[in-house]
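Here are a few notes from going through the helices and some individual residues. Have a look at the structure first, then see whether you read these spots as I do.

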Amino acid sequence: MKTPTELNAKTIPRILAPKRKKFSWDMFSSVATLIPSLILLGVFVYGFIGWTVYVSFSQWNSLIPNFNSAGFLNYSIIFSSYRFQSDLRNIVVFTAFFIIACLIVGLFLALLIDQKIKVEGFFRSIFLFPMAISFVVTGVVWSWILNPSTGVNLILKAFGWKSLPSWFLSTTIAPNWPFGQIQLGIPVALLAVLIAAVWQMSGFAMAVYLAGLRGISDEIKEAARIDGSGVFRMFFSIILPQLRGTTTTIIIILTAASLKIFGLIYAMTGPGQQFLTDMPSLNMFQTTFQGDQFAQGAAIAIVLLLMIAIFIVPYLIVTLRQGDDA
Amino acid sequence: MNTLALRRVSRTLLYVVLTLLAALYLVPVYVVVVTSLKSNASVSLAQMWNLPNVLSFSSIANAWAQLGPNFINSFELAIPATLISALIGALNGYALSKWRFKGSSVVYFFILFGMFIPYQSVLIPLLKVLDVIGLYNTIAGLILVHVVYGIPIATLIFRNYYTSIPTELIEAGKIDGTGYWGIFRYIILPLSVSGFVVAGIWQFTQIWNNFLFAVSLTNPPDQPVTVALVNIAGSQTVQWNVQMASALLVSVPTLLVYILLGKFFVRGLLAGSVKG
């Protein structure tokens, strides 16, 4: 059974003497410091999310607010709409390829840079600088570079490439697997968006991997070297397993970023023909503010929030627990 | 001798691959700069990869004529919003790292979650509330929004930063009879410069680059520079050289920050990947 002093020692930080009386002005001040932020976030994050949930169950689908209950009607409307089905396919396909590409490119760059090269800072800066730029700028610039009648295609043409890709204007889907009523396929136009997004965010994966690589103790690597491990054995049996936590972190952060992606799509392609490059975030924006379908927009927003929360909530709980133990 | 030669070859290969990749990452920079320096007459799709025959700053001047007011809007937004959110982050980070109370990790979770939400899930109420309090379509409204939604990341950055300040310093302060605010004012704040730089860079970049709030909460003359760029790029009549010059102008402030203070930028980035 726990004695009161043991409990105190555990719950009160060690900067306080254990025998101090329960109320302390300092601890009170600590809580008081946080209260304004908690109120603001309570209203602007949690209250507003609650409000959006409420709107999503209402009949507010015109300029005049109407909070009569619509039950799950708005959800049923969006899930049966062609546009939202495209969104779900696009977001899953895009996120999967985006993460895989960023992980591979990021790890490759980090491994190259970790070879004790001379101008490390120079190369690191170049691979990371796109992160300092707005997604909107990336969208505008890459939509010109990947413009089907110019840009990269001029170079491909110079190399004798015959059938030039129409990049983000492509309406092709390949391969096209049917699943229930939905045609699952990969919209080729997404490839252009992927190139731009990977250009912008792979530097993030590189930076985190680089920090992870620097965290692997030299003794482990040295021990493996003495055991006669080759480069590949070393990579797959020592380095990659040691980077598992780093990889998880990158996947979680990039998943959250990818599901939210908005500015890039807005500036580069918009919804695209037949919604081939549409995303839930853009659909929500247009449904709500251009279509005045507030309740349906709210429903899209809530589905998007749930998709992100599934990844983020467990991640935050696990990371914060680990932080407490340390 | 043989292994030495092999090593030399592999080192050379390493640098060749790195240089090629770096060149690939810089392609958009080349395109933007080269196109920005072309005049309306000499910008043609077929010659987009060519260097300009004659240097012309007309497209940059043209872009500035269109973007200038929005540029000022963005500064009026990003500077106060950055400062206020960094200050709030410092206070929160201090409370959460040095005076942890029962349930403080629950509070921390409550704060951090706000960093990851898609802002679409708060946009409808946000717009209505700003409208009611008279801040819709104002820079002040955007400042409020960025301060509030910047609290999570700013708190995170300072909490991580303050964790690295030794607890002994605070104990020493306590022995001297200094309280919560005294310790913050005389011990923590003077040590916080680098924390403020990291949080400041991070927030400035995020706020400057933001598009969703800007496009949802403001109308033409009061819009930040990112929205103005999209408006320019979206109009059919504007030439590519002006579009690229606009993209360049929009990127200059954050790129300058990145070039001058890159190390701190990376620290903010790594803080963003949480680490309790």
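1. Start with the N-terminal end of H2(A), which is capped by A:Ser24: a side-chain oxygen of A:Ser24 sits 3.2 Å from the backbone nitrogen of A:Asp26. Bear in mind throughout that this is a predicted model.

2. The length of H2(A) checks out. The helix covers residues 25–56 of chain A, and at 1.5 Å a residue its 32 residues should span 46 Å; the end C-alpha atoms are 44 Å apart, which agrees. There is a bend to look at as well, of about 35° at A:Gly42.

3. H2(A) also packs against chain B. Its partner there is H5(B) (residues 139–163), with the axes 10 Å apart and an angle of about 100°. An angle from 65 to 115 degrees counts as roughly perpendicular, so that is how H2(A) and H5(B) lie to each other. On the H2(A) side the contact involves A:Ser37, A:Leu40, A:Leu41, A:Phe44, A:Val45 and A:Phe48. Facing them from H5(B) are B:Leu144, B:Val148, B:Tyr149, B:Ile151 and B:Pro152.

4. A second pairing between the chains joins H6(A) (residues 135–145) and H1(B) (residues 2–36), whose axes come within 10 Å and cross at roughly 85°. H6(A) brings A:Val141, A:Trp142, A:Trp144 and A:Ile145 to the contact, while H1(B) brings B:Pro28, B:Val31, B:Val32 and B:Thr35.

5. Is A:Pro148 buried, partly exposed or exposed? At 21% relative accessibility it counts as partly exposed, given that buried means under 20%. A:Pro148 is in the loop between H6 and H7 (152–158) of chain A. Its C-alpha atom is 7.6 Å from that of A:Leu169, although the two are 21 residues apart along the chain. Beyond four places in sequence, A:Pro148 touches A:Asn153 as well as A:Pro165, A:Ser166, A:Trp167, A:Phe168 and A:Leu169.

6. Last, B:Ser246, in helix H11 (residues 240–272) of chain B. With a relative accessible area of 0%, B:Ser246 is buried. Which residues does B:Ser246 touch, not counting those up to four places away in sequence? They are B:Ala63, B:Leu67, B:Leu229 and B:Ile232.

Technical notes:
Residues numbered from 1 in each chain as written. Chains lettered and ligands numbered in written order. Predicted model: local features only at pLDDT ≥ 70, side-chain atom pairs only at ≥ 80, totals over all residues. Heavy atoms only, no water. Helix = DSSP H or I, 4+ residues; strand = E, 2+ residues; numbered from the N terminus. Buried < 20%, exposed > 50% of the residue type's maximum accessible area, 1.4 Å probe, protein only. Contact = heavy atoms within 4.5 Å. Expected span 1.5 Å × (residues − 1). Bend = angle between axes of the 7 residues up to and from the residue. Polar contact = N/O pair within 3.5 Å; in protein donor to acceptor, adjacent residues only side chain to side chain. Axes fitted to C-alpha atoms, helices over the stretch in contact; angles between N-to-C directions. Parallel < 35°, antiparallel > 145°, perpendicular 65-115°, else oblique.
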